[in-house]
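Let's take a look at a protein and the molecule it holds. Keep the sequence and the 3D view open while you read.

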Amino acid sequence: MSTIPSITLNNGTRIPQLGFGVWQVEDDAAEAAVRTAIEAGYRSIDTAAIYENETGTGRGIATAGVPREELYITTKLWNSGTKDWSGPQGQDAVLREFDASLAKLGLDYVDLYLIHWPRPMHGSFGNIWSAFEKLAADGRARAVGVSNFGPAQLDALREQSGLVPVLNQVELHPYFPQDELRAYHAEHGIATEAWSPLGQGKTLLGEPALVQVAEKHGRTPAQVVLRWHLQRGVIAIPKSVTPSRIRENIDVLGFELDEADLSALAGLATGERIGPDPQGFDWN
Ligand code: NDP
């Protein structure tokens with residue numbers, strides 16, 4: 001498990017390059033899934049307030065028997081449109097949401113706290129980021145970052161604050177490789193984290209070009225896709241509630257994709273997202 005590579009973030013902290021995501025895992029199933037993942041060797045867990053499974057995730061963390069300092073826990077602020085995030089009261093609201101997440105997780109700090117969506121149609125998220133600066137300064141969030149941000153929102157944050165998000169968690173898989181955004185991130189010292197790294201386990205894993213690469217290496221299509229993320233310097237957080245898949249998805253270290261494999265995977269890019277486009281997406 002210590003062989004899972006890690007990436008150094010712009011604040012000097014390190015994040016494992018492969019983590020375990022728990023979106024769409026019911027709260028009462030999260031404990032077993034997270035424990036199975038930690039037993040399989042995962043050290044990084046990705047949850048969010050809106051997943052409504054921070055309590056089960058926290059139980060899995062508590063019962064897995066691994067010291068807290070060896071784990072890397074991410075959760076996210078649900079900057080819901082039903083709350084007023086502007087002004088000083090917006091900052092207090094963030095701190096309350098953060099406290100609620102910590103209490104559910106049963107932790108006294110998280111390794112990474114993210115703004116879940118930019119919601120650009122609602123204007124500035126500056127007050128939210130000010131609260132994130134406070135959490136980072138207090139050390140209750142060892143690192144702070146964003147999710148689903150585009151260059152326009154990242155530019156706005158950089159203009160407002162000296163605190164650059166450590167990473168941006170975005171949809172990224174071979175159908176949608178995000179090369180332009182990755183280049184922007186690289187230029188500004190922001191790491192790239194892939195959500196839905198397996199393309200949600202749907203048609204992607206049956207693509208003939210991918211299956212061929214998998215057969216060549218005696219691996220599964222999921223393992224090849226995760227290997228692709230690692231070799232591109234991207235952090236991936238695959239989700240599964242199936243114990244055999246949880247173990248399969250972390251067994252990605254004993255092989256290397258060559259140029260021909262990488263170009264076969266590059267050929268899968270369609271430019272199509274599975275999820276919504278964050279620039280136009282609101283959930284209210
Ligand atoms: P993934 O790409 O991780 O795919 C998960 C799906 O693939 C599940 O249905 C799972 O099935 C299946 N699967 C997993 N492993 C395998 C395998 N080896 N072979 C075949 N099928 C497999 O999608 P997610 O959308 O869950 O993304 C991963 C994580 O990213 C989320 O859990 C969440 O933490 C994060 N995320 C963040 C978002 C954001 O806005 N910031 C948005 C979406 C996701 P089963 O569980 O039945 O085994």
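## Before we start

This is a predicted model: local features need pLDDT of at least 70, side-chain atom pairs count only at pLDDT 80 or more, and totals for chains, interfaces and linings use all residues. Residues are numbered from 1 along each chain as its sequence is written, and side-chain values use heavy atoms, with hydrogens and water left out.

Helix α1 covers residues 27–40 and helix α2 covers residues 54–63. (Helices are DSSP runs of H or I, at least four residues, numbered from the N terminus.) Their axes come within 7 Å and cross at roughly 35°; axes are lines fitted to C-alpha atoms over the stretch in contact, with angles running from 0 to 180 degrees between N-to-C directions.

Who touches whom? On the α1 side, the residues in contact (heavy atoms within 4.5 Å) include A30, V34 and I38, and on the α2 side they include T57, G60 and I61.

## Around the ligand

There are 29 residues around the ligand (a heavy atom within 4 Å), and D46, S196, L198, S240 and T242 come nearest.

Now for some polar contacts, meaning pairs of N or O atoms within 3.5 Å. A side-chain N or O atom of T242 sits 2.6 Å from a ligand oxygen, one of K239 is at 2.8 Å from a ligand oxygen, and a polar side-chain atom of N148 is at 2.9 Å from a ligand oxygen.

Technical notes:
Helices (H or I, at least four residues) and strands (E, at least two) are DSSP runs, numbered from the N terminus. A polar contact is a pair of N or O atoms within 3.5 Å; within protein, one must be able to donate a hydrogen and the other to accept it, and residues adjacent in sequence count only if both atoms are side-chain atoms.
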